[in-house]
Every structure is written in C-alpha cells, then in structure tokens.
Amino acid sequence: MQEEQCEGILLQSREVGESDLIVTFWTDRFGRMAFRAPKARKSQKRFAGQLQSFARLRLVFQRAREEERLPQLLRVDPSEGVAILPEELGAFASASFAGELMLRMTDEGDANAALYALFTGFLSFCASAALTPKALARFEMRLLELLGLLPSWSRCMECGSMIALVHTARFDLLQGGLVCGDCRPTQSHEAPLLTPILRAALDALQRKVTLEGETEPLWREVLGLLDRRLCHVLGHETRSRRFLAEVIGF
Ligand SMILES: [Zn+2]
C-alpha cells in the first residue's frame, strides 16, 4: 500500500496492546479519522512526543489491506499553528469543548474543508486571545450551520413566510429554526421568544457584522440559546461545555 498524507488535529488517543496508541484526528482531507500508531508509547524516535492533544500535525500514513483494520500512522511533523497546552486552562477547556463537538457531531470519513477551517481557526483564536461569549456563540452558530442544523433565520419553518427582523419570532430549539406568530412550534416550552434585539444579534452574528449597541449580556443570552440548540442535537449537555463554563464563567 502506498503512503498517503494529510493534516489533522489530534482529538483523542487511547492505549492499545503493549505499546501502541489509537489516535483520532480531525483531518483536512478525510474528516474524522482514527489511526494505529505503533510503538508510540515506547519509542520516542518515530513520534518524538508530538502526539499531544490538539497538536496540529502533518500525518504520513498507510492504509491496511484489510478494510476493517485501522490505517497505520508512519510519521508526523508539526504543522503551522499554535499549540494548546493543558496549563493554559481557558484555552484548553475551549479546545476540549470544540473537540468534543467535532468528535460527536461528525461521522468517520465525513470530509468537510469548511468545518476543518472553522475548527482550526477557533483553536488559533483560543490560543492567542481570551474567549468571549460572542466568539463562542459565533463558533457554535457556524458549526450548526455547516452541519445543516440551523435552517433559516428569516423564514418560518412551518408556513415558509418571511419574518421581518423587527418582529418577534420563536426559536424552535428542537428543529433549529424560526416559527412565526401564527404557527405553533413543536414544543412551546422549548421555543423561546426571540425579541427584535435578539434577532438582530443572531443576524449580525451570522453576517459577521458589528451590532450597534451590542453588550456582553446580550451575547450571553444568544450563547445560551445556541447551547440549548446543541443540547437538543446531542441529546444532552456535554461535560466539556460544563467544564468550560466553570473555567471561563459563561
Ligand atoms: Zn408560520
């Protein structure tokens, strides 16, 4: 079998056999992908301690002849990008949350260049600046959008009519879209009312423009809504999100 290459972020590793590791990366060319890294725990030669969480690496690997066996990781090289160290607690907690979403919301082999760019961009941001409620909300919104889990911010999901930004609407958290005043959401207690200012904030976030008079409490509220949407998609709150909230306070 021929050698192949890609770039990836290490999300998970577990020990297997006497000295091997199974390492799961999110890669630019193949999406989520697991490899067997032979002797990674014993020999420092081949991987030189580079298989650290959230390391961005260039990977050289070889697929196995039998389909059920994992591809074998042959070598790694550091790629451009900032490392996230466990000592930097805020950045590490942010990366852990983003990493868990990438692991749980995508299937093995689902390549998505836009998603990879979003993930690596978010990690670089977290490594170089303090995370804000707005930045986290932007990441969550874009992730949901790229996975097709936020259908529309301007049309009613039920009747299809346009809902002008000046009107209130409900955010159906089960379906991930808006419901107008004339239609009924799937479950009313899981369909909070979006006031015009909240709608303007969501719209500004999506269009990446500054909202006049934006405040941190407003972005916290927006983030709370997107967190609730994520909970519905995943079935429950994630531990890494709770940990992140404990570390950074939102
Ligand atoms: Zn409607």
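I started with the domain contacts: 16 residues of domain 1 are in contact with 13 residues of domain 2. Contact here is a C-beta to C-beta distance within 7 Å, with the C-beta atoms placed from the backbone. I was working on a predicted model, where local features need pLDDT of at least 70, side-chain atom pairs count only at pLDDT 80 or more, and totals for chains, interfaces and linings use all residues. Residue numbers run from 1 along each chain as its sequence is written.

**Domain 1 side**

I asked which elements give two or more residues to the side of domain 1 that touches domain 2. They are α2 (89–105) and α3 (113–128). Helices in my notes are DSSP runs of H or I with at least four residues, strands are runs of E with at least two, and both are numbered from the N terminus. α2 supplies the largest share of that side, eight residues. By class I got 12 nonpolar, two polar and two charged residues there. For the classes, Ala, Val, Leu, Ile, Met, Phe, Trp, Tyr, Cys and Pro are nonpolar, Asp, Glu, Lys and Arg are charged, and the others, Gly among them, are polar.

**Bounds**

I then looked up the bounds: domain 1 is 1–131 and domain 2 is 132–238 + 246–250. Such bounds come from an automatic or database domain assignment. Over C-alpha atoms, the two centres are 31 Å apart.

**Core**

Next I checked the largest nonpolar core, which has 57 residues; A98 and L123 touch the most other members. A nonpolar core is a set of buried Ala, Val, Leu, Ile, Met, Phe, Trp, Tyr and Cys residues joined through C-beta atoms within 7 Å. Buried means 20 or more other C-beta atoms within 10 Å of a residue's own; exposed means 12 or fewer, and partly exposed is in between. α2 gives the most to this core, again with eight residues. Why does the core lie between the domains? Domain 1 and domain 2 both give residues to it, so that is where it lies.

**Sheet in β6, β7 and β8**

I moved on to an open sheet of three strands, in the order β7-β6-β8 with antiparallel pairing. β7 and β8 are at the edges with a single partner strand each, so one side of each has no neighbour in the sheet. I count two strands as paired if DSSP finds at least two bridges between them.

β6 (residues 169–172) pairs with β7 (residues 177–179) over three bridges, and with β8 (residues 193–194) over two. On the β7 side, F171 has L178 as its bridge partner, and D172 stands opposite G177. On the β8 side, R170 is bridged to L193.

Which way do the β6 residues point? A169 and F171 go one way and R170 and D172 the other, and all are buried. The β6–β7 hairpin has four residues between its strands, and G176 takes a positive phi near 80°.

**Whole chain**

Last, I noted seven helices and eight strands for the chain. Of its 250 residues, 32% are buried.

Note on methods. Contact = placed C-beta atoms within 7 Å.
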